[in-house]
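Subject: Structure for your files

Hello,

Here is the structure you will be working with. My notes on it follow below.

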Amino acid sequence: MTRKPVLMEHETKLVEENAYKRNRSSQIGKILTYIPPDPHGDTIVVTIVDEDIKEHQSYWSNSLIGYVPGENPYFKSMENYVDNVWDFVNKSKILCHVDGYYIFRFDSMDDRDRVIQLGPYTFHYKSFILMNWSIDFVFDLECLNVIPLWVRFPNLTVGYWSTEVLSKLASVVGKPMYTDLYTIEMDRISFARVLVEADSSHPLPSDIELHTPVGIIHQSVEYD
């Protein structure tokens with residue numbers, strides 16, 4: 001087997017410099033046009049309208065943002081993880097941000113939803129947090145508090161498994177996202193299971209008082 005030659009330090013530096021120059025070449029980028037800003041007194045304002053971001057909003061809508069609290073996984077390690085754990089969907093495009101989070105862009109919304117619905121996941125025995133991409137996402141301490149949680153409503157009779165009832169119950173915990181597959185198909189009736197985006201810095205409820213047409217139900221809440 002032929003071994004790949006090892007580059008000397010000066011050769012590596014030359015490769016990096018050539019890549020840098022190529023990336024700055026005017027021949028490979030998009031051509032931009034001058035659009036004057038809107039002066040408002042001493043403030044210079046740039047106005048972004050829906051049409052400006054429509055194409056990119058659509059392109060990234062199939063994406064998930066993922067991060068491992070307290071870790072900054074190497075790209076190759078994350079790539080291996082995706083290949084082995086998410087092998088039930090087409091391989092996503094993986095992009096790494098220097099701040100420590102990743103964007104996973106899938107071929108379809110169905111692939112994206114299947115990945116998040118089959119969670120939760122761990123990465124090297126630590127929680128692997130996934131959330132839907134949004135154009136206003138900012139990776140900061142507040143973002144780290146808002147995490148997706150799988151919530152179970154044990155012994156909730158199937159008569160209350162409508163989208164409306166589950167949405168109302170899940171909204172007590174946070175922002176409802178999805179049910180799992182078993183819940184939507186009612187293949188497992190011991191509990192309903194819903195993915196909720198919740199603020200982990202606030203206390204999470206352990207029970208809900210549910211007022212129904214036939215009386216009051218005290219519904220317990222469990223977390224995966």
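How many of the 224 residues of the protein chain count as buried? The share is 31%, where buried means under 20% relative accessible area, exposed means over 50%, and partly exposed is anything in between (1.4 Å probe, protein chains only).

Two remarks on the source. This is a predicted model, in which local features need pLDDT of at least 70 and side-chain atom pairs count only at pLDDT 80 or more, while totals for chains, interfaces and linings use all residues. Residues are numbered from 1 along each chain as its sequence is written, and side-chain values use heavy atoms, with hydrogens and water left out.

Overall

The protein chain has 7 helices and 13 strands; these are DSSP runs numbered from the N terminus (helices H or I, at least four residues; strands E, at least two). Among contacts in the chain with a separation of 6 or more, 66% are between residues 24 or more positions apart; contact means heavy atoms within 4.5 Å.

An open sheet is formed by 5 strands in the order 4-5-3-7-6, with antiparallel pairing. Two strands pair if DSSP finds at least two bridges between them. Strand 4 and strand 6 are at the edges with a single partner strand each, so one side of each has no neighbour in the sheet. On average, neighbouring strands here are turned by 30° against each other, direction ignored. Axes are lines fitted to C-alpha atoms, for helices over the stretch in contact, and angles run from 0 to 180 degrees between N-to-C directions.

Strand 5 (102–105) is joined to strand 3 by 4 bridges, and Tyr-102 is the bridge partner of Gly-66. Strand 4 is also joined to strand 5 by 4 bridges; there, Tyr-102 is the bridge partner of Cys-96. The hairpin of strand 4 and strand 5 has 5 residues between the strands, and Gly-100 in it takes a positive phi near 110°. In a regular strand the side chains alternate between the two faces of the sheet. Strand 5 is covered on both faces: Tyr-102 and Phe-104 are buried on one side, and Ile-103 and Arg-105 on the other.

At the other end of the order, strand 6 and strand 7 pair over 3 antiparallel bridges, with Thr-122 opposite Ser-127. In the loop between these two strands, His-124 has a positive phi near 55° and is exposed, at 58% relative accessible area.

Helices on the sheet

Which residues of helix 3 (residues 75–85) are buried? They are Met-78, Glu-79, Tyr-81 and Val-82. These cover an arc of only 160° around the axis, which puts them on the same side of helix 3; the arc is that of the directions from the helix axis to the C-beta atoms. Lys-76 and Asn-84 are exposed on the other side. The buried residues pack against strands 4, 5, 6 and 7, and helix 3 runs at about 145° to strand 6.

Helix 4 (residues 109–117) lies across strand 3, strand 6 and strand 7, at about 145° to strand 7. In the loop between helix 4 and strand 6 is Pro-120, which is joined to Gly-119 by a cis peptide bond with omega of about 10°.

Around Asp-180

Two side chains make polar contacts with the side chain of Asp-180: Thr-183 at 2.6 Å and Arg-188 at 2.9 Å. A polar contact is a pair of N or O atoms within 3.5 Å; within protein, one must be able to donate a hydrogen and the other to accept it, and residues adjacent in sequence count only if both atoms are side-chain atoms. Thr-183 is in helix 7 (residues 181–185) and is buried, at 4% relative accessible area. Arg-188 is in the loop between helix 7 and strand 10 and is partly exposed, at 25%. Trp-161 and Arg-193 are among the residues touched by Thr-183, and Arg-188 touches them too, in each case not counting residues up to four places away in sequence.

Regards
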